[in-house]
Amino acid sequence: MSMTIGFIGLGNMGAPMALNLVKAGFRVQGFDTHVAARDVAQAGGVVLAATAEECTHGADVVITMLPSGPIMLSVWGDVIPAMKDGALIIDCSTVDIDSCRNAHDLAAGRGLAALDAPVSGGVGGAVAATLTFMVGGSTDAFARAQPLLAAMGRNLTHCGEAGAGQAAKICNNMILGISMIAVSEAFGLADKLGLSRQALFDVAAKSSGQCWSLTSYCPVPGPVPTSPANNGYKPGFAAALMLKDLRLSQAASEGTGAETPLGAAATSLYEAMVAEGDGGRDFSAIFERLSNGGA
Ligand code: NAD
């Protein structure tokens with residue numbers, strides 16, 4: 001496989017994703033503004049570029065994995081003019097719908113194919129190459145990206161045209177934020193009713209209350225040994241990142257007129273959690289706040 005990939009944003013997610021591309025036999029040229037991130041990637045076989053633009057030299061595909069929409073858009077503005085004709089650009093960051101659409105427009109203005117391809121699965125999924133990719137863009141661009149995405153993930157879904165991947169990510173994570181609070185409230189109520197946590201788990205896991213927040217990521221210690229609740233609520237998925245995604249859902253709701261009252265309530269609860277210094281804890285620690293009356 002002789003394809004060359006430019007990879008911009010070698011942080012917690014980007015570095016292991018880039019390393020999986022190296023392992024799959026791609027030549028990867030990487031850039032990050034942070035020196036420590038560059039060093040980790042270089043140690044894993046990524047060829048370092050001095051600038052984001054330099055990453056694009058000879059690159060068939062450029063991938064970005066950055067903190068926010070405005071940063072992604074600014075990087076796309078810098079690199080798109082430097083990309084070779086016929087190349088493909090893919091953003092894997094989680095960003096707002098407007099930035100995503102503007103980025104697609106920038107690429108289209110240069111005649112380049114583009115995809116939004118945000119992920120779920122966290123750092124563990126990035127390391128293990130088991131990420132889920134939700135992809136927006138043309139069928140042709142999706143087909144071209146598939147070998148790359150398959151080297152970094154396991155489930156690849158083409159969600160529709162430009163922006164559909166981000167839309168899927170934002171909607172999915174709004175479900176997650178709300179459902180984690182729902183499960184946490186139920187355990188808090190069970191405690192007050194004298195119902196054991198294990199009994200609630202055993203019933204709800206096999207009943208209509210069943211959901212991922214309960215059965216894979218249970219917010220109380222005990223029933224699911226691998227959940228962060230058994231590890232002092234070390235992330236996992238930090239509350240600050242959950243808040244970022246919930247805010248994106250609320251911006252999208254405002255922009256479209258969708259009614260998301262529970263999404264709004266979940267956003268407020270995570271805002272309070274982060275404001276009080278718990279943004280670095282796993283988002284399932286919302287259970288402790290609710291049951292301590294701190295929410
Ligand atoms: P991170 O902060 O660890 O990594 C982002 C990297 O981008 C950093 O290394 C930073 O130095 C670099 N960067 C910032 N501005 C830059 C620029 N102008 N040019 C080049 N590099 C620049 O964040 P992360 O956890 O890797 O997350 C990346 C994206 O993935 C975010 O959009 C996040 O919402 C999304 N995401 C994260 C997770 C997770 O569990 N961490 C899960 C799913 C999606």
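Mentor: Happy to! Keep in mind that this is a predicted model. Let's begin with the largest pocket, whose space comes to about 1,100 Å³.

Trainee: Which residues are the closest to the centre of the largest pocket?

Mentor: The lining of the largest pocket is made of 36 residues. Among them, five are the closest to its centre: M13, G122, K169, F237 and L241.

Trainee: Which element gives the largest share of that lining?

Mentor: Start with the elements that give two or more residues to the lining of the largest pocket: β7 (119–120), α6 (122–128), α8 (164–193), α10 (212–215) and α11 (239–256). One of these gives six residues, the largest share. That element is α8.

Trainee: How many residues of this lining are charged?

Mentor: Sort the lining of the largest pocket by class: 17 residues are nonpolar and 15 are polar. The charged residues in this lining number four.

Trainee: What is the distance from a backbone N or O atom of L66 to an oxygen atom of the ligand?

Mentor: Several backbone atoms lie by oxygen atoms of the ligand. For N12, a backbone N or O atom is 2.9 Å from a ligand oxygen, and for T94 a polar backbone atom is 3.0 Å from one. For L66, the distance is 2.8 Å.

Trainee: How much of the ligand's accessible area does the protein cover?

Mentor: On its own, the ligand has 830 Å² of accessible area. The share of this that the protein covers is 83%.

Trainee: Which element gives the most to the lining of the second largest pocket?

Mentor: The second largest pocket holds about 310 Å³ of space. Its lining has 17 residues, with I97, A251, A252, S253 and T256 the closest to its centre. Two or more lining residues come from each of α5 (97–109), α8 and α11. The element that gives the most, with seven residues, is α11.

Methods. Residues are numbered from 1 along each chain as its sequence is written. This is a predicted model: local features need pLDDT of at least 70, side-chain atom pairs count only at pLDDT 80 or more; totals for chains, interfaces and linings use all residues. Side-chain values use heavy atoms; hydrogens and water are left out. On a 1 Å grid over the protein atoms alone, a cavity is a set of points where a 1.4 Å probe fits but cannot get out, and a pocket is an open set with protein on both sides within 12 Å along at least five of seven lines; lining residues have an atom within 4 Å of a point. Grid points are joined across faces, edges and corners, and a volume is the space filled by probe spheres set on the points. Helices (H or I, at least four residues) and strands (E, at least two) are DSSP runs, numbered from the N terminus. Ala, Val, Leu, Ile, Met, Phe, Trp, Tyr, Cys and Pro count as nonpolar, Asp, Glu, Lys and Arg as charged, and the others, Gly among them, as polar. A polar contact is a pair of N or O atoms within 3.5 Å; within protein, one must be able to donate a hydrogen and the other to accept it, and residues adjacent in sequence count only if both atoms are side-chain atoms. Accessible areas come from the Shrake-Rupley method with a 1.4 Å probe; for residues, only the protein chains shown count as cover.
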